[in-house]
Every structure is written in structure tokens, then in C-alpha cells.
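Dear colleague,

Please read the notes alongside the coordinates.

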Amino acid sequence: MPSETVPIQVVAKCRPLLDAEEKKGCRTIVKMSGDKTALVDPGGKEQNFVFDGSYTAEVKTNQIYRERCEPLLRRAVDGYNVTIIAFGATGSGKTFLMSGTEDEPGIIPCLNRSLFKHIEDLSSKKQFFVSVTFVELLDEQMTDLLNPHNREMKVRHHPQLGIFVDGLSEMVVRNDEDLARLYEQGHRARQMGATDVKAHRERSQGIFSIHIDQKETNSSKVGIKSTISLVDLAGVEGVESNKSLHVITDVIGALGDPKKKGGHVPYRESKVTRLLQESLGGNAVTMIFATISPADMHYKESVLTLQYAIHARNIKNKVEINLDETTHIIAQLREEISHMRDKLANNNNRDDVLKMQDLIHDLKIAKQQTWEEKERSSMQYEEERKQNLANKGILEWVMDTMKKGNRELQEKMLLLQKEKDQLTNQYKEKRKLVDEMKDDLQKRIADYSQLADSGKATDSDTKTRVSAIHQLKERLKQETEVIKDIKRRLKDVQERQRSEREDARSQNMMLKDNAELRQAVEAEERRRIEMENKAMIEEELDRVKLEFANDKAEIQVRVADGKQYTQNESMGLEIALAELKADRSVVTLQLQVHQQEKDRLQQALDDAYKQHKTEMETQQLQHFQVFQQYREMFEEQKAALDKRYRGLLEDAIRDAVFLSTRNNELVQENQAAKQEIAELKDKISMLGGRPSSAGSALS
């Protein structure tokens, strides 16, 4: 396939100034315009950098993805390897840019959704097979984030796969939901694996890889494949203390620094640079996002990031479409194994034996690259990962069952909410109509009172007005009954919602070991109950106001009809009014006391949760330290056993070689002895002796 030389693209991204930085009096030192980025040093002098693009804090991630990453995704679908790297200091916005939030998804979620849109557009012509891996590298130790097992993992080179991690679980995905789910679960596993989150972020590297295999439908043509590597590197401030990051900067310098260009490129000095070998100077279309902070307190980290980014921009990659030659590779490996077997039959050399073992292992891995085998392995990994996550105590957290809930329960809640919204709209419409009717009634009563007071009203006019008022009152009563029915149905829906929530909460109690999530759910439940109670009080106030309006209308009609109140009745009404005013003051005071008590209890509850969280984190840290001690002991014993095993294996190989050599010598001696016996027999026969007795004597 023809190759193409493409430079690594570098884009600068500045995050917003944080509230904490503003409180400390930090000032902004970053200026961006087009492809230019400028930093103002402590002396007030500007340092200018030119990249392929620059984005200020105001630019949203979806715009960055659309302009910079979507073209790369199209190249990946065409069969080219693609790498997107986030490079910068801890806290400069790397993870936010790559992962984002629910409100503002990052580059990876945007890419996950867009990938399957491209696949759907091509599904009539091609068949696609997509799988993912997620590995974390911390202090040169690798962790399988999708299936955190304890098996040894090695960075190897394979004639078909190229450079890969042997032992890393590869999970099959069928749609964008699977892809997003596995990335989110791996990301959560990475978070839970850290006891000191800040130190972990400064030192760890995460590589999420999407493998795309494709072939034309009903065709025997060789398919194509590609890999999208999404990389979140460690904080650049740890370049001197972090070996992996130090080697990465050495590789970037060796490839892109004009002063060092052409020298040795130390890919093999770190596992992460070995895995990124194709991305930095190899067969991949690479984009690097240099993330920086705008605050002057982070000037040193920002200028260091941009200096390395300038060197990275000078690197040239040589890319080509990747053919899927699985069948050819398997046949080639089988032929090499056959030749090696023939060679070992004649000469049992130790180096050849080890080479034979490597060839057999390569053949095994090549066979695992068929779509059917990947599917079978993925199903095994899916069951295995649940057990491994459960053993680490993070199954529920990683799978996020509390957040996502049961799909059937979600559908029920959605239907109930929809019904509630419809009833609420009906209630508002009816309430508006009733208010208009009340206003009309008040106006009619006022007009009737004025007419009655003037003494100009005729009997027929009075009867007509009184009849209209009574008809309007009847309609008002009917509409009021309709409102009551709607409120009753609303209350029924709310009760059903409450029941479903209780069921959901009982299901979520399986996450009782996760205090932080439980606190969030309970806080949400308290807020919901408070809102429902508030709505209930408002509804009751509306009911009371409506009844008061009806009573007021009745009184006004009676007064208009000539009703006279005695002195005792007036005094009784005044006393009742005074009692109501007194009760109102008492109720207001009680509400204030209840609110103060609620605030006090809320503060006490928050303090208790904080204390519990601190104690749990301390306990988890202690458990982790004990686990680390046991693990170190296990690793030491394992290393000793491995050393002993290798020694025994070498002894066995030497013994096998010695026995084989000795066996050949004995065969030759046996043949020589037989020849000598035959010659002696011939001599005895020639002398006229007896061969049988001579042979017996010789034996």
C-alpha cells in the first residue's frame, strides 16, 4: 500500500480561571488568536508559540471535536491508525477535554457517538467489527481497566498486531451505547484504583483503544483495520520524577527537537513510549492537545507544556492503510513452525527451542484475531471482569447500577411523569378558567350591589341579574369539582411515583458499601419530599382561597339581597377574625422554629457524612496498604519461583541436549559392536569353528 507523510498536529487549549485562583488574586497570562498562543512571563514579556490551532476557555468541547477530531475519525474509518493525545499539567483540563461531563461531553464521548453513525452509513456495503481495550500505566506497571485481573501483562511485538499488550482484555462493542458504557466503566475503575487521587493523576497514563475491522459484504477481498488510540498522559510537572513521562519527552525531543534530531529514539526505555511508538514517528495520524492553565501561578507548567508541544509539531509520521492479513499471517507462521520442527529433529539447539515457543505463541495470538474468536473471548472476559471487580469491592460502583437503574423501572417512572405533566397542564388551564369566572362573578355582584343601592333597579332587572349570578356560581362549583378531581388524580400519580421510588431505593440498597453515592441518593430523596410537601401546601392554600372566594361571593350575594347582620353576629365574626390572626402568628412562629430545626439537623447530617467519609477513606487506605504489602510479598515469592522455574527449565534443556547427544553416541557404539561381532563370526566360520558358541562366548 502507498504511504503518506503527515506531521503531527498540535492544538493549544486553555481552560477557564478557577474560582479558587481568582480568590488567590491570580491574573490571566494567556493570550490566544488564531493559531498563535502567547504567555506573559513574570517580567511582563510575552513568549509566542505557533500551533495548528488554539482555543480559549470560552470554546466548547463539541466545537473542538467537530473542527479537529471528526476529520481524524473519517480517516480511521478509511483504514488509517489515529491517535489523540491530551498533554499538559495536572489540573490543566486534560481529563475534562477528553472525558467531559454529562452537560458538556468530552472528545471521547463525542467520538464514540459519531463512530457508529459512520458505520451505519456504510453498513449496506461493508461489515464492521469493533472492539476496545483500556490500559493504565502507573510507574511502569500496567492495569487492565476493563477487566482488572492479576495475570502478567507484557508489551510485545507481533507480525500482525504490531506492538500490543499481551494479556490485555479486548471487549467487543456493537453500538455507541456499549462503547460509551465500557469507557465510562473503565474510567470509574481508574478513579477507584487510586487512594491518593491527585498523586495518581500526576503519575498515571491512560490509553483507551478502539479497534475497527471491516470487510466488504459478499467479497473475498482482503479487509482493512485501524486503531483509534485516545491517550490521557500524566501531568507534565512530574517529568523529572516520572520515568514514563520523562521518556516520552525524550522521544519527542529526539524526533522533533532540531538540536537532537537524528539521534537515538528511546522507545524501548518505557512501556508507554513502546505502546505509542506508532503514534510518535510511526504509522498513525496523530493529534496532540496541549492543555494549559491561564493563571500566573502555573506559568512554569504552562511554558513547559508549550515547549514540548512545539517539538512534537516537528515530528513527521509515515501512514498507510492497514490491511487485515490474518489468514496470510497464520499460514506463514504455520510454515515457519514446520521448518523449525524439522530443524529441531536434526539439531536440538536451545535457541531454536525458545524460538519455536515464540512462534507457537505468535500463532496462538494470530488465531485469536478472527472475529469469531474475538467474540468468544469477549464473552469470557465479560463474566471474568464481573468477578474481578467484585473481588476488589468495586463492582457496583463501576457498573453504576444506582445511577442507571433498571430499564423497566425507568420506563414506568417516565410514563408516570408524563401523566403527571398532562394533569398539571389540565389543572393550570382549569384554574385559569376558574379565576376568570371568579373575577366575572365579583364584577356581576358589584354591579348588582350598585344597582340595588341606587334604587333604580326594576324587579325583572333584579331577577335577571340574580339569576345570572346564580348560574355563574353553579358553573363555578362544577369547574371547582373538576379541579378537585384533577387534584385527586394528581395525588394518585404522586403516590404511585412515591411507591416506584421506594422500590428503586430498595434495589439501590445493594450499594450500601458506597457511602458517597448513598448520601447523594438520600439527599435527592429529601429534596424531592420537600418539593412534594411544598406543592401539597400550595395546593391546600389554593383550595382554601377558592373556598374563601366562594364564601365571600355567597356573603356578597346575601348582602345584595338585603341581608342584615345583628350586633352579636358582627361581634362573633370579629372575634373569629382575631382568633385567626392570632393562629396565623403562632403558625408563622412554628414554621420559623421548624425551619431552624431543619437547618440544624441538615448541618448535623452533613457533618456526620463528612466524618464517616473521612473514616471510610482512612480505612480504605489502610486496607490498600495492607493489600500492597501482601502483594509485594506475593510478587517476591513469585519472582523467586519464576527464577527457580527458569533454572530448572535450563537444566532440563541441557539434560535433554546431553541425553540426545549421548543417545546418538550409544547408537553409534552399538552399530560398531554389531559390526565387530559380525566380523568375528566370519573369522570363526573361516577357521572351521562353531559360530554360535563363539558368539555366546563373545557376548
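In what order do the three strands stand in the open sheet, and is the pairing parallel or antiparallel? The order is β3-β4-β5, and the pairing is antiparallel. Before going further, please note that this is a predicted model, in which local features need pLDDT of at least 70 and side-chain atom pairs count only at pLDDT 80 or more, whereas totals for chains, interfaces and linings use all residues. Residues are numbered from 1 along each chain as its sequence is written, and side-chain values use heavy atoms, with hydrogens and water left out.

The sheet

Helices (H or I, at least four residues) and strands (E, at least two) are DSSP runs numbered from the N terminus, and two strands count as paired if DSSP finds at least two bridges between them. β3 (30-33) and β5 (46-50) are the edge strands, each with a single partner, so one side of each has no neighbour in the sheet. From one strand to the next the twist averages 20 degrees, where axes are lines fitted to C-alpha atoms (for helices over the stretch in contact) and angles run from 0 to 180 degrees between N-to-C directions. Four bridges join β3 to β4 (residues 36-40) in the antiparallel sense, and lysine 31 has alanine 38 in β4 as its bridge partner. Helix α9 (residues 299-313) packs on this sheet, where it touches β4 and β5, and its direction makes about 30 degrees with that of β5; contact here means heavy atoms within 4.5 Å.

The helix pairs

α9 also packs with helix α7 (residues 243-256), at an angle of about 45 degrees and with the axes 8 Å apart. The two helices are therefore oblique to each other, given that angles under 35 degrees count as roughly parallel, over 145 as roughly antiparallel, 65 to 115 as roughly perpendicular and the rest as oblique. Thr249, Ile252 and Gly256 of α7 meet Tyr308, His311 and Ala312 of α9. By class, this contact has three nonpolar, three polar and no charged residues, with Ala, Val, Leu, Ile, Met, Phe, Trp, Tyr, Cys and Pro counted as nonpolar, Asp, Glu, Lys and Arg as charged, and the others, Gly among them, as polar.

In the other pair, helix α10 (residues 326-346) and helix α11 (residues 350-367) have axes that come within 9 Å and cross at roughly 160 degrees, which makes α10 roughly antiparallel to α11. The residues that meet include Ile329 and Leu333 from α10, and Met356 and Leu359 from α11. The contact of α10 with α11 has 12 nonpolar, one polar and eight charged residues.

With kind regards
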